[in-house]
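This report describes one protein chain for a reader new to it. The sequence and structure come first, followed by notes on the fold and the packing of side chains.

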Amino acid sequence: MNFEISTDRSQIHPCPSPPSNCDRIRSVSKLVKITDMIAAEIEAHARLEHPTECCGLLSGRNGLVTDIHRLRNDADKPETRYFATPEQLFAAMRRIRESGQTLLGVYHSHPRTPAYPSASDVEMAFYPEAFYFIISLEPSVELRAFKIEGSRIEDVRVSIA
């Protein structure tokens, strides 16, 4: 597998205490665990959908991502945005619930840009309890995760189990 797990601290800005007037990025303080099989499936989905963005949900138990739920990207501009219909999301969430799992993450690809949330990614971050995974394909494969709440982006360390 050719994944590079990044926790590049060069993009992390210090935040005054208390965090009023804080920059949008907080330091890496959280960890998300994902199986190597799921990481490989995210990469395969991104390569399959290239040059458009892929998207999907991630689920599991006890904080470990073990299942992937691919969704169709129905965005108007799928090369630079992702959008899953409410029907797709509802069906995936039902499968997650019926399997006794919980939603742990949302993923999508950036076919030609770094694995970092864009303004539209932040705008579409409707699940503050979920980790947001972004896989970049160029210049190299890189999988990163974030917590996004409001306009605040927190870099999350990814551990491949």
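## Fold

Along the sequence, the order of elements is β-β-α-β-β-α-β-α-β-β-β. The chain holds 3 helices and 8 strands, taken as DSSP runs (helices H or I, at least four residues; strands E, at least two) and numbered from the N terminus.

The model is predicted: local features need pLDDT of at least 70 and side-chain atom pairs count only at pLDDT 80 or more, while totals for chains, interfaces and linings use all residues. Residues are numbered from 1 along each chain as its sequence is written, and side-chain values use heavy atoms, with hydrogens and water left out.

## Burial and surface

Of the 161 residues in the chain, 45% are buried, meaning under 20% relative accessible area (1.4 Å probe, protein chains only). The accessible surface is about 8,300 Å², by the Shrake-Rupley method with a 1.4 Å probe. Carbon and sulfur atoms account for 52% of this surface.

## Nonpolar cores

A nonpolar core is a set of buried Ala, Val, Leu, Ile, Met, Phe, Trp, Tyr and Cys residues joined through side-chain atoms within 4.5 Å. The largest one has 21 residues, of which V32, I42, L58 and F133 touch the most other members. At least two residues each come from several elements, including strand 2 (25–34), helix 1 (36–49) and strand 6 (131–136). Helix 1 gives the largest share, 4 residues. Another core, of 18 residues, lies apart from it and includes L57, A130, F146 and I148.

## Contacts

Leaving out residues up to four places away in sequence, I42 touches I34, L58, I68, Y107, I135 and L143, where contact means heavy atoms within 4.5 Å. Among contacts in the chain with a separation of 6 or more, 66% join residues 24 or more positions apart.

How values were computed. Buried < 20%, exposed > 50% of the residue type's maximum accessible area, 1.4 Å probe, protein only.
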